[in-house]
Amino acid sequence: MFVEFFYELRDMKIPVTIREYLMLLEALDKNVCDANVDDFYFLSRAALVKDERNFDRFDQAFGTFFRGLERRSAEFFDDAIPDSWLRAVTQRMFSEEELKKLEKLGFEELMEELQKRLEEQDKPHSGGNKWIGTGGTSPFGHSGRNPAGIRIGGEGGGGSATKVWKKREFRNLTGEVEIGTRNIKIALRRLRKFAREGAADEFDLDETISSTARNAGLLDVKMRPERRNRVKVLMFIDVGGTMDPHVKVCEELFSAAKTEFKHLEYYYFHNFLYERVWRDNRRGRSEFVPTWDVLNTYPSDYKVIFVGDATMSPYEVTEIGGSVEHWNDESGAVWFQRMIEQFPDMVWLNPESQERWPQTMSTQLIYKLIGGRMFPTTLNGLDQAMDTLRKRNATNLQSIRVH
Amino acid sequence: MKFTGTDNYVTTDDLNMAVNAAITLERPLLVKGEPGTGKTLLAIEVAQSLGMPLFEWHIKSTTKARHGLYEYDAVSRLRDSQLGEEGVGEIRNYIDKGPLWHAFECEEQAVVLIDEIDKADIEFPNDLLQELDRMEFSVYETQETIKAKQRPLMIITSNNEKELPDAFLRRCFFHYIQFPENDTMEKIVKVHFPDIKNKLLKEALDVFYSLRDVNGIKKKPSTSELLDWIKLLLVEDIDEDAIKANASKAIPQLYGALLKNEQDVQMFERLAFLSRRQG
């Protein structure tokens, strides 16, 4: 009976599975809810949606299915009215002085004011069917006849649960995460290298047995340290300028990386690596760390991850004095080469789409400098990058063993 | 057997429905929500109101899935064998039961609280799939299988620090505790402070919600912080006019209970200073 509803949800890109659908049917079968729509709404939401970010879409699908509403046409209603659009309307409706006064109010009050103002307006705006107004058939405004309408202010829902899904309370929680932190973490996980270090607090059964045997049967308990992730990572992150559109991806990557490694040091640079980097981005690049210090501080078993779009003028890579920010006595390429020599395990993650790499000269230059170890910040790219970091390590070890 | 909230725990219809569905179908219930909205308290109140025993399992970053089942204390067994203690031959004496085992053994249906599951390793929920599904596990040391006499009600809370695996989510009912609206909040406060004056309550809630509405605040005050604050207001016997007068000119009285972040306090002082200058 609810198969259509199930497909409605799948159409809305809510990840429901047959298992969850069966769970809902089982609950109905056991009379968990009475035969009213409110209860069914609560029950189906608890059974089918497992992420509050999907609540809003669920509300829409529920409304569509149970009220027989026309699916709102995609281009216009894609995600209700964008707040920015409403704000733009507000700006047209109020004078500047009034706006200043209103700015102190929250968004909700602002909308209330807007509605009041709209009510005061001349007739033509009431009862129209196109724009914000009162009593019209437009999807916006209030007291209208369009059942899918977005209520702006108005007398409020009065707490009746029937309208819960129409209120779309969860709109703020909707957020599309293309590569979620979980996925990134799983990818970064490949880098893990376990080693025992620290306080001996784990019971070592094998060692105890052999030691006890050697002790002629007298118990000799052996402890050992717990296995810990021993991967050491240095991250260099490009900030500012052309990187601004990629900030979100970088933040996600960064937050994922932070919890995944025990030793993680990070530095910031602008566009390309020169004789100085900085540690705290918030301090406005006032406290510089000489790149030499970085090179001398960390042993070469640190794995280095550069994150940057590698999009700049080619002079910034190759020329002395090419930096856009300051005069650099040695070219970026020289510094980058030093970095490669100190840290054999190094990759560059590039948030720019891979198709555009060949068109950017600086990207090509850096790609060659790092020996092709540049990867896009997609899940596949991350996987490949981590593989590269891990495998290079393996080949290094082999060559040591051969000698 | 239906859960409908308790005298000191105010619930909403959707929360009741989720809890009752989980009880009837004997499936785990995953509860998410802002910190301080009473996620952990839910399990305690459900157990109390339905008269079911409660077993709590608080998760830390080092917790492994098997800690919830049992732990085999090999070291004390070895030591005891050296000292010739009695009962060393019986391996059962050295198996410490975890909260899940206790719950499985219970003659009546029990409530198991798995608190802050997102604190543990990212694979932790996957390691529990079998136990949650079949409500049974086997003890390697004694070769026995522990099966739940009554499938317990599992209430699992998460603070959204990590995303949980899909396979795990599919097996649960899910509820997101929304931040209470003004009238629900009034009920909640009244449950905790039945004698509070209506006017004081109204003013306090106004200040509280306006504080939450300030853009850019780092740590929004939550229900539990509001309750602390009101308690302080009552203890210090501050009257409602003082709160009101203060709210427009400066940061609220005893703000320490509401604002937990240095930057937030600073921002607030700046805002208050600006409004004083304009006013």
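Figure 1. A:N31 is exposed, with a relative accessible area of 58%. Buried means under 20% relative accessible area, exposed over 50%, and partly exposed in between, for a 1.4 Å probe and protein chains only. The model is predicted: local features need pLDDT of at least 70, side-chain atom pairs count only at pLDDT 80 or more, and totals for chains, interfaces and linings use all residues. Residues are numbered from 1 along each chain as its sequence is written, chains are lettered from A and ligands numbered from 1 in the order in which they are written, and side-chain values use heavy atoms, with hydrogens and water left out. A:N31 lies in the loop between α2 and α3 of chain A. Helices (H or I, at least four residues) and strands (E, at least two) are DSSP runs, numbered from the N terminus. Phi of A:N31 is near 60°, a positive value in a residue other than glycine. Most residues other than glycine have a negative phi.

**Figure 2. A positive phi at A:K13.** This view shows the loop between α1 and α2 (18-29) of chain A, where A:K13 is found. Its phi is positive, about 65°, although A:K13 is not a glycine. A:K13 counts as exposed, at 65% relative accessibility.

**Figure 3. Helices α1 and α4 of chain A.** Two packed helices are described by the angle between their axes and the distance between the axes. Here α1 (residues 3-11) and α4(A) pack at an angle of about 140°, with their axes 9 Å apart. Axes are lines fitted to C-alpha atoms, for helices over the stretch in contact, and angles run from 0 to 180 degrees between N-to-C directions. α1(A) and α4(A) are therefore oblique to each other. Angles under 35 degrees count as roughly parallel, over 145 as roughly antiparallel, 65 to 115 as roughly perpendicular and the rest as oblique. The crossing of α1(A) and α4(A) is right-handed. A crossing is left-handed if the near helix is turned anticlockwise from the far one by less than a right angle, and right-handed if clockwise. From α1(A), the residues A:E4, A:F5, A:E8 and A:L9 meet A:F58, A:A61, A:F62, A:T64, A:F65 and A:F66 of α4(A). Seven residues of this contact are nonpolar, one is polar and two are charged. Ala, Val, Leu, Ile, Met, Phe, Trp, Tyr, Cys and Pro count as nonpolar, Asp, Glu, Lys and Arg as charged, and the others, Gly among them, as polar.

**Figure 4. Helices α3 and α4 of chain A.** α3(A) packs with α4 (residues 55-66) at an angle of about 135°, and their axes are 11 Å apart. α3(A) and α4(A) are therefore oblique to each other. Their crossing is right-handed. On α3(A), the residues are A:V37, A:F40, A:Y41, A:S44, A:R45 and A:L48; on α4(A), they meet A:F55, A:F58, A:D59, A:F62 and A:F66. The contact of α3(A) with α4(A) has eight nonpolar residues, one polar and two charged.

**Figure 5. Helix α3 of chain A meets helix α1 of chain B.** α3 (residues 37-48) of chain A and α1 (residues 13-25) of chain B pack at an angle of about 60°, with their axes 9 Å apart. α3(A) and α1(B) are therefore oblique to each other. α3(A) passes α1(B) in a right-handed crossing. α3(A) contributes A:D39, A:F42, A:L43, A:R45 and A:A46 to the contact, and α1(B) contributes B:D13, B:D14, B:M17, B:A18 and B:A21. Six residues of this contact are nonpolar, none is polar and four are charged.

**Figure 6. The buried face of helix α15 in chain A.** In α15 (residues 332-342), the buried residues are A:G332, A:A333, A:W335, A:F336, A:M339 and A:I340. Seen down the axis of α15(A), they fall within an arc of 160°, so they line one face of the helix. The arc is that of the directions from the helix axis to the C-beta atoms. These buried residues pack against β3 (232-238), α13 (291-297), β7 (303-307), α14 (315-318), β8 (346-350) and α16 (361-369) of chain A.

**Figure 7. A:P290 in strand β6.** A:P290 lies in strand β6 (residues 288-290) of chain A. A:P290 is partly exposed, with a relative accessible area of 38%. Leaving aside its neighbours within four places in sequence, A:P290 is in contact with A:E275 and A:R276. Contact means heavy atoms within 4.5 Å.
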